[in-house]
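Hi,

Here is the structure you will be working with. Please open it next to the sequence, then read the notes below.

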Amino acid sequence: MSRNEGTIDRALRIILGLILLSLVFVGPATPWGWVGLVPLVTGLIGFCPLYAVFGFKTCPLSKAP
């Protein structure tokens with residue numbers, strides 16, 4: 001399982017995940033906030049299964065020496 005998310009993509013996912021997750025505890029207190037776990041976890045590990053299915057990558061390719 002190699003990384004397929006770039007730095008900006010990962011940061012945005014983590015921020016979005018935290019915002020959505022905060023909806024569970026603050027604001028309208030909706031259970032839909034638990035959906036925020038998905039972008040949070042994928043942002044933390046740097047791998048998105050949907051990106052792998054569609055062959056999409058936002059991380060820069062590492063160059064061989």
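Start with Cys59. Cys59 is buried because its relative accessible area is 18%, and buried means under 20% (over 50% is exposed, anything in between partly exposed; 1.4 Å probe, protein chains only). Cys48 is buried too, with a relative accessible area of 7%.

Before going on, two notes on the source. This is a predicted model, so local features need pLDDT of at least 70 and side-chain atom pairs count only at pLDDT 80 or more, while totals for chains, interfaces and linings use all residues. Residues are numbered from 1 along each chain as its sequence is written, and side-chain values use heavy atoms, with hydrogens and water left out.

Confidence
The average pLDDT of the chain is 87. pLDDT is the predictor's confidence in each residue, on a scale from 0 to 100. A score of at least 70 is reached by 94% of the residues. Among the elements, helix α2 has the highest mean, 95. Helix α3 (residues 49-54) has the lowest, 91. Helices here are DSSP runs (H or I, at least four residues), as strands are (E, at least two), numbered from the N terminus. Where pLDDT is low, the predicted coordinates should not be read in detail.

Cysteines
How many disulfides are there? The count is zero, taking a disulfide as a pair of cysteine sulfur atoms within 2.5 Å. For Cys48, the nearest cysteine sulfur is that of Cys59, 12 Å away. Cys59 is likewise in no disulfide, and its nearest cysteine sulfur is that of Cys48.

Salt bridges
There are two. The rule asks for a side-chain nitrogen of Lys or Arg within 4 Å of a carboxyl oxygen of Asp or Glu. One joins Glu5 and Arg13, at 3.2 Å from N to O. Another joins Asp9 and Arg13, with the closest N and O atoms 3.1 Å apart. Asp9 and Arg13 sit four residues apart in helix α1 (residues 7-25), about one turn of the helix. Shared partners link Glu5, Asp9 and Arg13 into one network.

Are these residues buried or exposed? Glu5 and Arg13 are both buried. Asp9 counts as buried because its relative accessibility is 14%. For Arg13 the value is 15%.

Leaving aside neighbours within four places in sequence, Arg13 is in contact with Glu5, Pro39, Leu40, Thr42, Gly43, Cys48 and Tyr51. Contact means heavy atoms within 4.5 Å.

Nonpolar patch
Which residues make the nonpolar surface patch? They are Met1, Phe25, Val26, Trp34, Leu37, Val41, Leu44 and Ile45, and the patch covers about 890 Å². Patch residues have over 30% relative accessible area and no salt bridge; nonpolar side chains (Val, Leu, Ile, Met, Phe, Trp, Tyr) are joined within 5 Å, like charges within 9 Å. Areas come from the Shrake-Rupley method with a 1.4 Å probe, and for residues only the protein chains shown count as cover. Helix α2 (residues 37-45) gives the largest share, four residues.

Phe25 is in helix α1 and is exposed, at 61% relative accessible area. Leu44 lies in helix α2 and is exposed at 52%.

Best wishes
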